[in-house]
Amino acid sequence: MKKTTVEKAKEKPKFEEPRTRSRTFVIGCGKLGASIANDSSRRGFSVVVIDSDPDSFALLEENFSGDRFVADAADLYALKTRGLPAAKEVIITTGDDNLSLFLAKACARIYQIPYIFVRFDDPDMGLLLQRESNIRIIYPFQLSRDYLNKLREEAQGK
Amino acid sequence: MRKIVIAGGDSKAEYIINSFRKQKDTQLVVINPSKEVAERLKQACKIDVRHGEPWSRRALEDSDAFDADVFVALCDSDTDNFAACLMAKEILSPSKVICVVDNPNNVEFFEALGVPSVISSTYELGQKIMNEVSINELAKVVANVGTSLEFIEFRVLHEHAICDRFIKDIRFPSYASIAAIVRNGKAIIPNGNIEIKARDKLYIGTEPVNKKKVYDYLQSKRPLSALGAKIAAVGENVRTQRANRKKNEE
């Protein structure tokens with residue numbers, strides 16, 4: 001019977017055993033993504049970084065030991081061939097909330113990746129991922145605001 | 001009064017707005033993320049167009065789009081449409097959400113991720129080509145219901161075994177069902193007492209995996225003796241008509 005697109009995308013890549021979920025995928029190699037990738041590499045994680053702009057890899061350190069691939073993150077087939085279905089954790093920092101939403105949902109529902117971390121600018125995006133238990137979200141705007149308020153309280157307390 | 005929300009899109013949005021604008025039973029709510037396009041649509045279609053990102057909660061809440069019957073996402077980016085449809089489902093709870101995509105691979109991904117109705121012109125074209133060439137000139141797939149059901153159109157000829165037989169007398173395969181018959185342009189709802197005639201068009205629902213088996217069954221020919229009898233009967237009928245005509249003329 002002919003396989004559907006989703007079934008084909010779910011197939012594990014041949015070069016990696018389905019049970020070995022050991023790699024950390026960082027999708028989006030901006031300042032935050034590159035920083036996480038560098039840090040994970042230094043700590044000995046097996047890291048794969050994906051970005052559509054090859055120039056973005058300039059943010060990776062010289063001794064970065066992971067893999068780097070140029071790919072359109074909206075193309076799940078391209079991500080599949082890079083081994084995404086066998087990832088242990090995925091960190092999504094694309095800078096485009098709608099693309100990040102799509103990737104987070106696909107990683108959770110299609111590939112069942114156990115740990116998914118996603119950054120959103122718009123706090124309302126969390127509404128759309130309420131039912132996904134394996135996705136954790138950060139909002140830099142809220143983190144900055146909360147930290148700034150904490151600093152103000154500390155300063156005024158002095 | 002039905003309410004249709006048109007989110008994003010330029011010329012596609014204009015076409016759809018113009019298709020529904022004059023229908024009195026339809027209220028259109030148009031939201032566009034581009035200020036320039038929103039202004040252009042406003043001028044061209046003489047309709048109120050709200051400038052805002054249709055994937056933003058605030059834009060949807062401010063847009064008078066609550067209780068919409070249909071939400072259509074027509075933005076340029078597939079992922080923008082994906083986010084707009086999910087946000088609309090969450091905030092507006094429309095009866096139907098339609099997402100238009102460029103990348104045909106996204107049709108099944110988006111459906112699997114919670115957008116029930118996804119349209120890609122390339123995907124539709126591919127399906128159409130596949131359906132047109134999949135069987136032969138007597139039969140073609142005319143509709144797909146998801147991936148589990150297809151409707152085949154089959155043209156009956158004199159030589160087919162099912163021709164000139166009542167539906168109740170045909171041992172039709174259990175994995176297929178005749179949904180409708182079109183005879184001389186008129187639709188007939190099938191029941192056991194309907195006799196299938198040559199030149200009828202049968203619309204048969206079946207699973208895609210059984211399509212070939214159904215076609216083989218429909219295509220099976222009647223025994224030559226039966227066909228001969230039929231030809232003889234038709235010939236006899238023609239002879240009788242001619243004789244009657246001659247008699248009348250005399």
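**Exercise 1.** In which sense do strand β4 and strand β5 of chain B pair, and over how many bridges?

*Solution.* The model examined here is a predicted one.
Step 1. Locate the two strands: β4(B) covers residues 70-73, and β5(B) covers residues 96-100.
Step 2. Determine the sense: these strands pair in the parallel sense, over 4 bridges.
Step 3. Identify one pair of facing residues: Val70(B) is opposite Lys96(B), which belongs to β5(B).
As background, strands of a sheet pair through backbone hydrogen bonds, in either a parallel or an antiparallel manner.

**Exercise 2.** Give the order of the strands in the open sheet of chain B, and name the edge strands.

*Solution.* 
Step 1. The open sheet consists of 6 strands in the order β3-β2-β1-β4-β5-β6, with parallel pairing.
Step 2. At the edges are β3 (49-51) and β6 (117-119) of chain B, since each pairs on one side only.
Step 3. On average, neighbouring strands of this sheet are turned by 20° against each other, direction ignored.

**Exercise 3.** Across which strands of chain B do helices α2 and α4 of that chain lie?

*Solution.* 
Step 1. Helix α2(B), residues 35-45, lies across β2 (26-32) and β3 of chain B, and runs at about 170° to β3(B).
Step 2. Helix α4(B), residues 78-91, lies across β4 and β5 of chain B, and runs at about 170° to β5(B).

**Exercise 4.** Describe the open sheet of chain A and the helices that lie across its strands.

*Solution.* 
Step 1. In chain A, 6 strands form an open sheet with parallel pairing, in the order β3-β2-β1-β4-β5-β6.
Step 2. The edge strands are β3 (67-70) and β6 (135-138) of chain A.
Step 3. Phe25(A) has Val90(A) in β4(A) as its bridge partner.
Step 4. Helix α2(A), residues 31-42, lies across β1, β2 (46-51), β4 and β5 (115-119) of chain A, at about 160° to β2(A). Helix α4(A) lies across β1, β4, β5 and β6 of chain A, at about 170° to β5(A).

**Exercise 5.** How many residues does each chain bring to the contact, and what area do chain A and chain B bury between them?

*Solution.* 
Step 1. Chain A brings 23 residues to the contact and chain B brings 20 residues.
Step 2. The size of an interface is often given as the accessible area lost when the parts come together. Here chain A and chain B bury about 2000 Å² between them, with 68% of it on carbon and sulfur atoms.
Step 3. Between the chains there are 2 salt bridges. One of the salt bridges joins Arg57(B) to Asp124(A), whose closest N and O atoms are 3.5 Å apart; the cut-off is 4 Å.
Step 4. On the side of chain A that touches chain B, the elements giving two or more residues are α1 (5-10), α3 (76-81) and α4 (97-109) of chain A. Of these, α4(A) gives the most, with 7 residues.
Step 5. This side of chain A comprises 14 nonpolar, 4 polar and 5 charged residues.

Notes:
Residues numbered from 1 in each chain as written. Chains lettered and ligands numbered in written order. Predicted model: local features only at pLDDT ≥ 70, side-chain atom pairs only at ≥ 80, totals over all residues. Heavy atoms only, no water. Contact = heavy atoms within 4.5 Å. Buried area = accessible area lost by both parts, 1.4 Å probe. Salt bridge = Lys/Arg side-chain N within 4 Å of Asp/Glu carboxyl O. Nonpolar A, V, L, I, M, F, W, Y, C, P; charged D, E, K, R; others polar. Pairing = 2+ DSSP bridges. Axes fitted to C-alpha atoms, helices over the stretch in contact; angles between N-to-C directions.
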